[in-house]
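Take a look at the sequence and the 3D structure below. Then read on for a short tour.

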Amino acid sequence: MPSLGRLHLITDTRPGRDPLGVLRAALPVARAELVVQVRVADEATDREAYELARQVLALCRPYGATCLVNDRLHVALAVGAAGGHVGADDLPVRAARRVLGATAVLGATAREPVAAAEAVAAGAGYLGVGPCHATTTKSGLPDPIGPEGVRAVAGAVDVPVIAIGGVTAASVPALRAAGAYGVAVVGAISQAADPARATAELLRALAC
Ligand SMILES: Cc1ncc(COP(=O)(O)OP(=O)(O)O)c(N)n1
Ligand SMILES: Cc1ncsc1CCOP(=O)(O)O
Ligand SMILES: [Mg+2]
């Protein structure tokens, strides 16, 4: 299995956003270092999720970028994505692993070391850890855990830790120093005036 990319771009499907346009800007810059997670609103239909995932996968392929699907693992299987990501309201990690198969990429959300170790034991191949910082992209989240929360999780597992939540290029060095392998972002790229430049800045920060 190829190694996991360090920059995860989560699709911004909020009204008025252009997830495919943002992806077209980011892909030539990040290429195979990019993991694109197709994430749609809970209200979106499976057909809408399927159509977006199909288009994302088609854009990713020529660059060797990885396409994952959030929550809806049947959509991941239907389009032939590399895998999926699950959290507390989704299929349990062990069930998700059964659905996706042994070789698929499977990420799980974890905020603290015990849950993180359990997720890995159940079959998670990477962990999404956060929110690291305040975010306006998702509501109802617990308080940010900061780089120290990332450090606690990273010290408890032997899979890549992907820091998420309010991540910017400026916050990457502290997260990397805390043990994060990579980062997942929505706003840092999608809300940037120049998404290609924002992608380059995040990659530069991740390379240090
Ligand atoms: C890389 C990464 N980390 C965490 C999450 C959050 O997943 P979850 O807790 O299931 O919340 P939703 O994204 O489904 O709202 C993620 N998607 N990606
Ligand atoms: C889906 C999700 N889960 C925790 S924070 C978050 C959103 C991250 O978005 P942003 O990078 O804009 O803070
Ligand atoms: Mg989820």
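## Two backbone details

R31 sits in the loop between α1 and β2, the strand of residues 34–38. The model is predicted. In it, phi of R31 is near 50 degrees. That is a positive value, and R31 is not a glycine. Why point this out? Most residues other than glycine have a negative phi.

Now go to another loop. P131 lies between β6 (126–129) and α6 (146–154). The peptide bond that leads from G130 to P131 is cis. Its omega is near 5 degrees. As a rule, most peptide bonds are trans.

Find helix α1, residues 19–30, and helix α9, residues 195–207. Their axes come within 8 Å of each other. They cross at roughly 40 degrees. An angle between 35 and 65 degrees counts as oblique, and α1 and α9 are therefore oblique to each other. The crossing of α1 past α9 is right-handed.

## Around ligand 1

How many residues surround ligand 1? There are 13, and the closest are Q37, R39, D90, T109 and K138. Sorted by class, this shell holds 3 nonpolar, 6 polar and 4 charged residues.

Some contacts can be picked out one by one. Q37 places a polar side-chain atom 2.9 Å from a nitrogen atom of ligand 1. In the side chain of N70, an N or O atom is 3.0 Å from an oxygen atom of the ligand. G87 uses its backbone: a polar atom there is 3.2 Å from an oxygen atom of ligand 1. Taken alone, ligand 1 exposes 420 Å², and the protein buries 89% of that.

## Around ligand 2

Which residues surround ligand 2? They are R39, T135, T137, K138, L141, I164, G165, G166, V185, V186 and G187. By class, 4 are nonpolar, 5 are polar and 2 are charged.

Look at the oxygen atoms of ligand 2. One is 2.5 Å from an N or O atom in the side chain of T135. The backbone takes part as well. A backbone N or O atom of V186 lies 2.9 Å from an oxygen atom of the ligand. For G187, a backbone N or O atom is also 2.9 Å from an oxygen atom of ligand 2. On its own, ligand 2 has 370 Å² of accessible area, and the protein covers 91% of it.

Definitions and conventions:
Residues numbered from 1 in each chain as written. Chains lettered and ligands numbered in written order. Predicted model: local features only at pLDDT ≥ 70, side-chain atom pairs only at ≥ 80, totals over all residues. Heavy atoms only, no water. Near = heavy atom within 4 Å. Polar contact = N/O pair within 3.5 Å; in protein donor to acceptor, adjacent residues only side chain to side chain. Areas by Shrake-Rupley, 256 points an atom, 1.4 Å probe, with all protein chains shown as cover. Nonpolar A, V, L, I, M, F, W, Y, C, P; charged D, E, K, R; others polar. Axes fitted to C-alpha atoms, helices over the stretch in contact; angles between N-to-C directions. Helix = DSSP H or I, 4+ residues; strand = E, 2+ residues; numbered from the N terminus. Parallel < 35°, antiparallel > 145°, perpendicular 65-115°, else oblique. Left-handed = near helix turned anticlockwise from the far one by under 90°.
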